[in-house]
Amino acid sequence: MTGVESGGRRAVAVRRLLAAPTVDLAAHEATHGRLPIVTRKLIDAVAASGLRGRGGAGFPVARKLAAVAGGRRPIVVANGAEGEPDSRKDAVLLTRAPHLVLDGLVAAAAAVGSRDCRVYASEAVLEPLRRALVERRMVGYREPAIELTAAAETFLAGEKSAVVNRLSGRAALPADQVVSTSRLGVGGRPTLVHNVETLAQLALIARHGPSWFRSVGAGDEPGTMLISLSGTRIAGVFEVAAGAELPEVVAGLGGTDPARVRAVLVGGWHGTWISGSALPGAALSAQGLRHLRAAPGAGVVRVLPHGECGLGVTAEITAYLAAQSAGQCGPCRHGLPTLATRFGQLVDGVGDPAELARVARLVEGRGACHHPDGTARLVRSALEVFADEVARHRHGHCVAAAPARTGDCDE
Ligand SMILES: Cc1cc2nc3c(=O)[nH]c(=O)nc-3n(C[C@H](O)[C@H](O)[C@H](O)COP(=O)(O)O)c2cc1C
Ligand code: SF4
């Protein structure tokens with residue numbers, strides 16, 4: 001079950017989360033066994049495992065569990081909103097391994113002393129969860145009630161405070177987080193919000209322990225991670241050892257020669273472009289990307305082949321991100337459209353990259369949530385990695401007439 005497939009294209013793929021051959025409870029139990037009885041001791045095991053959140057920020061999970069444990073009537077939320085357009089890993093996980101996510105939710109609840117579990121995900125992926133809950137009831141699982149809530153289909157819907165707002169009956173918009181949601185969350189109760197993949201990983205740690213978890217992955221980033229790989233000859237969602245080397249991911253899983261890669265967007269639309277020439281030595285962990293001022297985020301790896309225009313792609317993304325601003329904070333409401341307009345001017349060959357960098361600095365750290373920061377990071381990395389294209393556009397040339405994208409297929 002834990003073996004790294006050897007040889008050929010799948011050399012870097014690992015099967016843990018996606019190990020069960022089918023989605024039903026019988027296959028899930030035959031593959032993983034039943035979830036053992038969980039107590040607060042699970043928090044120590046999670047601390048020893050080194051598990052970090054898979055929702056983007058990579059925060060140590062044990063610290064979040066400890067912050068909520070012992071609070072009055074805490075609520076535990078599985079966040080499967082996946083508003084990031086280049087990410088499909090949560091949808092694939094919820095569709096292929098709903099029982100593992102539910103086990104993780106129940107285990108986290110037991111560890112922090114909660115009887116109130118919620119899953120928040122887009123309507124399209126709630127159906128497999130509904131079926132999974134019926135199966136569990138039919139075989140007599142005794143577990144807390146698990147409530148399902150449909151997430152809004154927006155980029156911001158999965159941001160933690162937006163999740164709390166939605167589950168408290170308000171619009172799914174981010175809010176100023178003066179007090180942490182671990183103290184004041186849904187309905188004013190202590191609330192633990194974890195990404196669905198984080199919870200699935202936690203379900204495996206509850207069964208197999210921290211040493212097993214650490215037997216795969218990098219020292220600073222143990223375990224496996226799900227990635228959404230696109231722009232390669234073969235695209236889809238893959239489970240890899242954390243710390244997998246990027247050239248291996250691109251070639252071994254994506255079937256694309258790294259020499260043909262112009263750039264890679266890691267960490268999604270709030271992430272960082274890295275140049276194709278920087279691929280050797282880059283790996284999918286915080287440490288493996290630090291020298292490039294990038295981070296794996298929620299596991300998005302979008303490849304831009306030579307011949308596609310990085311400026312055009314970034315302009316489209318920036319325009320989308322500007323349109324997704326919740327419009328509540330001035331620097332975000334006004335700054336992001338300005339960034340988008342100025343980036344569009346670069347594509348038209350008339351923009352000024354220094355002015356763009358100045359606006360990016362102005363919006364950073366000035367929102368109630370990290371939406372402006374993520375957008376500024378993307379823009380700044382594009383200005384660096386596609387600097388030669390800025391010059392080319394000024395002279396009326398572009399490496400591509402129209403960016404083309406490959407189709408997606410799951411592993
Ligand atoms: C703009 C924005 C959008 C986000 N969208 C998601 C999302 O769709 N799913 C998710 O799990 N986390 C998302 N996050 C991160 C959450 O705020 C939160 O950190 C995460 O759910 C915590 O889970 P983890 O500790 O398991 O990583 C988003 C953050 C930001 C700033
Ligand atoms: S920073 Fe932007 S997206 Fe975040 S809360 Fe403020 S207006 Fe909304």
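Me: Where is Thr318 found?
Reply: Thr318 is found in helix H11, residues 310-324. Helices (H or I, at least four residues) and strands (E, at least two) are DSSP runs, numbered from the N terminus. This is a predicted model: local features need pLDDT of at least 70, side-chain atom pairs count only at pLDDT 80 or more, and totals for chains, interfaces and linings use all residues. Residues are numbered from 1 along each chain as its sequence is written, chains are lettered from A and ligands numbered from 1 in the order in which they are written, and side-chain values use heavy atoms, with hydrogens and water left out.

Me: Why does Thr318 count as buried?
Reply: Its relative accessibility is 1%. Buried means under 20% relative accessible area, exposed over 50%, partly exposed in between (1.4 Å probe, protein chains only). Thr318 therefore counts as buried.

Me: Which residues is Thr318 in contact with, leaving aside its neighbours within four places in sequence?
Reply: Leu339, Ala340, Thr375, Leu378 and Val379. Contact means heavy atoms within 4.5 Å.

Me: What makes the link between the side chains of Arg302 and Asp86 a polar contact?
Reply: The distance is 3.0 Å. A polar contact is a pair of N or O atoms within 3.5 Å; within protein, one must be able to donate a hydrogen and the other to accept it, and residues adjacent in sequence count only if both atoms are side-chain atoms. Arg302 is found in strand S9, residues 300-305.

Me: Why does Arg302 count as buried?
Reply: Because its relative accessibility is 9%.

Me: Why does Asp257 count as partly exposed?
Reply: Its relative accessibility is 42%, so Asp257 counts as partly exposed. Asp257 sits in the loop between helix H9 (246-253) and strand S7 (261-266). A polar atom of the Asp257 side chain lies 3.0 Å from the backbone nitrogen of Ala259.

Me: Why is Arg293 called exposed?
Reply: Arg293 is exposed because its relative accessible area is 61%. Its place is the loop between helix H10 (286-290) and S9. Arg293 has a positive phi of about 55°, although it is not a glycine.

Me: How do you know that helix H8 is short of a straight helix?
Reply: H8 (residues 196-214) has 19 residues, but its end C-alpha atoms are only 20 Å apart. The expected span is 1.5 Å times one less than the number of residues. A straight helix would reach 27 Å.

Me: Where in H8 does the kink lie?
Reply: At His208, shortly before the proline Pro210, with a bend of about 115°. The bend at a residue is the angle between axes fitted to the seven residues ending there and the seven starting there.

Me: Why is H8 called largely enclosed by the rest of the structure?
Reply: Because 15 of its 19 residues are buried.

Me: How much area do domain 2 and domain 3 bury between them?
Reply: About 1100 Å², 65% of it on carbon and sulfur atoms. Buried area is the accessible area (1.4 Å probe) that two parts lose on being put together, summed over both. Trp269, His270 and Trp273 supply 69% of the area that domain 2 buries against domain 3, more than any other three residues. Ten residues of domain 2 are in contact with 16 residues of domain 3.
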